[in-house]
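Biologist: Please show me the model, and let us go through the terms used to describe it.

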Amino acid sequence: MSDSLKSSEESPESRPSVAGGSLRHARAKGEPRFPDGPKADPAGSHFERRIRSFQPRRSRVTAGQADALQRLWPKWGLDIDGHALDLAELFGSDRPVVLEIGFGMGEATARMAAEDPETGILAVDVHTPGQGNLLNLADQSGLSNVRVANGDAIILLREMLPPESLSGLRVYFPDPWPKKRHHKRRLIQPEFLTLAATRLRPGALVHCATDWEPYAEQMLEVLTAHPDFENTRTDGGYAPRPDFRPLTRFEGQGLEKGHVVNDLLFRRVQHRDQPSAGD
């Protein structure tokens with residue numbers, strides 16, 4: 001147990017209690033949920049009136065997740081606050097880095113990190129229990145190539161990462177926003193791809209997966225139409241699930257119910273009249 005959790009035992013009012021595996025803490029007004037963990041609003045002054053592709057979820061945090069957030073966030077976590085990042089400094093080495101947007105509870109992310117230790121994974125999400133769970137999994141498995149980012153991936157891409165700094169982009173099972181009036185909230189849009197292209201190295205792999213077929217069709221359409229990306233499939237269609245993407249428990253349950261999962265694998269192209277970042 002961390003020192004901050006131990007100190008909360010000093011008075012009955014501040015003592016955390018565990019009920020059903022969740023950590024509950026009577027906080028004073030304005031007191032952060034995790035003093036050494038992710039911030040509730042890391043971008044703060046970067047707030048802007050634009051359509052969001054995500055919706056923060058405030059579900060219960062277990063005692064183990066809370067402990068991981070307190071212990072490991074200062075070491076492996078970062079808040080997306082608009083300040084420039086040095087990826088070599090962040091990961092402690094000049095390894096290739098893949099950005100994963102939306103990792104859920106982090107099981108697949110941890111498995112991919114374990115199977116490819118030479119690649120850094122910068123995993124972004126706004127779900128606090130998932131952040132704690134991924135940190136816990138990384139700690140238990142002795143992984144040194146995972147960093148957990150809290151906040152808006154658009155701000156991370158636009159303001160914090162240098163050009164051509166990423167070796168890949170992964171977007172697995174994003175919110176499909178199924179209602180037609182919400183389609184504008186879907187992440188994979190032409191504007192997002194244009195921004196992402198500026199941060200991806202030529203040849204970088206963009207890998208998307210979804211079990212919502214109408215969204216898969218939209219992804220295929222916008223990726224195919226974008227001049228900065230090309231389909232790795234010569235037939236211009238969906239790709240089989242590659243070995244490096246684990247089959248998640250959620251995905252397996254969906255497949256048992258007859259759901260169709262589509263993977264899309266596109267590469268960042270280098271245009272002849274476009275110099276690389278090192279030129």
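Modeller: Let us begin with threonine 119, which touches Arg95, Pro96, Val98 and Asn145, leaving aside residues up to four places away in sequence. The model is predicted, so local features need pLDDT of at least 70 and side-chain atom pairs pLDDT 80 or more, whereas totals for chains, interfaces and linings use all residues. Residues are numbered from 1 along each chain as its sequence is written, and side-chain values use heavy atoms, without hydrogens and water.

Biologist: What makes Arg95 one of the residues that threonine 119 touches?

Modeller: Contact means heavy atoms within 4.5 Å, and Arg95 is listed among the residues that threonine 119 touches. Threonine 119 belongs to the loop between α4 (107-115) and β5 (120-125); helices (H or I, at least four residues) and strands (E, at least two) are DSSP runs, numbered from the N terminus. Glycine 168 is 49 residues away from threonine 119 in sequence, with 10.0 Å between their C-alpha atoms.

Biologist: Why is threonine 119 called buried?

Modeller: Its relative accessible area is 12%. Buried means under 20%, exposed over 50% and partly exposed in between, with a 1.4 Å probe and protein chains only. Threonine 119, at 12%, is therefore buried.

Biologist: Are glutamate 164 and phenylalanine 173 buried or partly exposed, and how do you know?

Modeller: Glutamate 164 has a relative accessible area of 15%, so it is buried. Phenylalanine 173 has 22%, so it counts as partly exposed. Glutamate 164 is in the loop between α6 and β7, and phenylalanine 173 is in the loop between β7 and α7. Phi is near 50° in glutamate 164, a positive value in a residue other than glycine; for phenylalanine 173 phi is also near 50°.

Biologist: Which residues of the largest nonpolar core touch the most other members, and what makes a set of residues a nonpolar core?

Modeller: A nonpolar core consists of buried Ala, Val, Leu, Ile, Met, Phe, Trp, Tyr and Cys residues joined through side-chain atoms within 4.5 Å. The largest has 40 residues, and Leu99, Leu122, Leu156, Leu169, Ile188 and Phe192 touch the most other members. Helix α6 (residues 153-160) contributes the most to this core, namely six residues. Phenylalanine 192 touches Ile101, Ile154, Leu157, Leu169 and Leu187, with residues up to four places away in sequence not counted. Apart from this core lies another of 21 residues, including Ala68, Ala138, Val148 and Tyr172.

Biologist: What makes β3 and β9 edge strands?

Modeller: Two strands pair if DSSP finds at least two bridges between them. The open sheet has eight strands in the order β3-β6-β5-β4-β7-β8-β10-β9, with mixed pairing. Within it, β3 (77-79) and β9 (229-231) each pair on one side only.

Biologist: How do you know that β10 pairs with β8 and with β9?

Modeller: Six bridges join β8 (residues 200-210) to β10 (residues 262-268), and these strands run antiparallel. Three bridges join β9 to β10, again antiparallel. Both pairings meet the requirement of at least two bridges. Alanine 209 stands opposite aspartate 263 in β10, and glutamate 230 is opposite arginine 267 of that strand. Six of the seven residues of β10 are buried, and the strand is mostly covered.

Biologist: Why is arginine 245 said to sit over the ring of tyrosine 172?

Modeller: The charged end of arginine 245 is 5.7 Å from the centre of that ring. A charge sits over a ring if NZ of Lys or CZ of Arg is within 6 Å of the ring centre and within 35 degrees of the ring normal. Arginine 245 is accordingly counted as sitting over tyrosine 172.
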